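Subject: Structure for your review

Dear colleague,

Please find below the sequence and structure that I am handing over to you. My notes on the findings follow directly after it.

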Amino acid sequence: MAILYALVARGSVVLAEFSAASGNAGTIARRIMEKIPAAADTRLSYSQDRYIFHIMKADGLTFLCMADDTFGRRVPFAYLEDIHMRFMKTYGRIAHVALAYAMNDEFSRVLHQQMEYFSSNPNADTINRVKGEMNEVRAVMVENIDKVLDRGERIELLVDKTATIQDNSFRFRKQSRRLRQALWMKNAKLLASLTCLILVLLYIIIAMFCGGITLKSCRS
């Protein structure tokens with residue numbers, strides 16, 4: 001998965017977040033949010049090791065995700081645009097007064113779902129490209145995280161994708177189990193239909209030799 005972490009926050013108050021890999025991405029994301037400029041609407045990208053933290057501030061909220069550095073900028077910002085649209089459509093002004101993690105139970109699933117979509121679908125940002133909304137992304141410079149964090153504040157980024165692999169394996173096993181169940185049900189229905197058909201044919205043959213449907217000859 002190319003996008004590994006995402007959150008939605010109001011200032012330093014995290015409203016929802018999801019991580020597809022174990023590690024300390026959340027800790028570093030919070031440090032970055034403490035240091036970034038308090039501009040109304042802005043887009044920023046900060047790199048650390050082999051990962052880039054992409055940030056979009058809009059409607060008084062911060063939308064942040066962490067992705068592999070090989071994933072570029074267009075798709076991560078398309079992901080943030082999508083999350084911004086879904087979050088505001090769902091919660092609107094409530095987000096400006098909500099408590100920490102008030103939306104996490106519900107919206108973390110959306111972060112995860114869209115994270116998988118934008119990470120695996122090469123055409124995920126087609127709509128944004130057609131609209132021309134991603135032109136400003138080209139102007140977003142990817143700066144080193146040292147630009148916002150002092151040397152003493154810098155934390156080594158730890159990312160363990162084992163959790164992602166395990167999650168994918170779990171989904172694969174779940175899908176395989178559902179497929180086996182569906183095939184079993186299909187075979188069971190087919191067997192039941194064939195059994196009923198054989199019984200009907202057998203009854204018709206017996207009726208022909210027993211004087212009709214009531215089987216009068218055979219009963220006498």
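A search of the whole structure, which is a predicted model, finds six aromatic pairs. In one of them, the rings of Y79 and F118 have centres 5.8 Å apart and planes at 70°, so this pair is edge-to-face. Because Y79 belongs to helix 2 and F118 to helix 3, the pair ties together parts that are 39 residues apart in sequence. Both partners are enclosed: Y79 is buried with a relative accessible area of 1%, and F118 counts as buried at 4%.

F87 and Y91 form another aromatic pair, which is tilted, with 4.9 Å from centre to centre and 50° between the planes. These two residues are four apart in helix 2, and are therefore separated by about one helical turn. F87 is buried at a relative accessible area of 0%; Y91 is buried as well, at 11%. Together with F63 and F107, they form one aromatic cluster. Leaving aside residues up to four places away in sequence, F107 touches V8, A16, I83, R86, F87 and Y91.

The largest nonpolar core has 27 residues, of which F63, Y79, F87, M103, F107 and L111 touch the most other members. At least two residues of this core come from each of strand 1 (3-10), strand 2 (13-19), strand 6 (61-68), helix 2 (74-91) and helix 3 (104-120). Helix 2 gives the most, with eight residues. There is also a second, separate core of 18 residues, which includes L7, A25, Y46 and L64.

Helix 1 (residues 25-35) has A25, G26, I28, A29, I32 and M33 as buried residues. Seen down the helix axis, the buried residues fall within an arc of 160°, so they line one face of helix 1. They pack against strands 1 to 6, including strand 3 (22-23), strand 4 (42-48) and strand 5 (51-58).

Strand 1 and strand 2 run antiparallel and are joined by six bridges, with L7 standing opposite E17 in strand 2. Their hairpin has two residues between the strands, and G11 takes a positive phi near 65° there. Five of the seven residues of strand 2 are buried, so this strand is largely enclosed by the rest of the structure.

Finally, as regards the cysteines, the structure holds zero disulfides. C65 counts as buried, at 0% relative accessibility, whereas C196 counts as partly exposed, at 47%.

Yours sincerely

Key: Residues are numbered from 1 along each chain as its sequence is written. This is a predicted model: local features need pLDDT of at least 70, side-chain atom pairs count only at pLDDT 80 or more; totals for chains, interfaces and linings use all residues. Side-chain values use heavy atoms; hydrogens and water are left out. A disulfide is a pair of cysteine sulfur atoms within 2.5 Å. Buried means under 20% relative accessible area, exposed over 50%, partly exposed in between (1.4 Å probe, protein chains only). A nonpolar core is a set of buried Ala, Val, Leu, Ile, Met, Phe, Trp, Tyr and Cys residues joined through side-chain atoms within 4.5 Å. Contact means heavy atoms within 4.5 Å. The arc is that of the directions from the helix axis to the C-beta atoms. Two strands pair if DSSP finds at least two bridges between them. Rings of Phe, Tyr and Trp (its six-membered ring) pair if their centres lie within 6.5 Å; planes under 30 degrees apart count as stacked, over 60 as edge-to-face and the rest as tilted.
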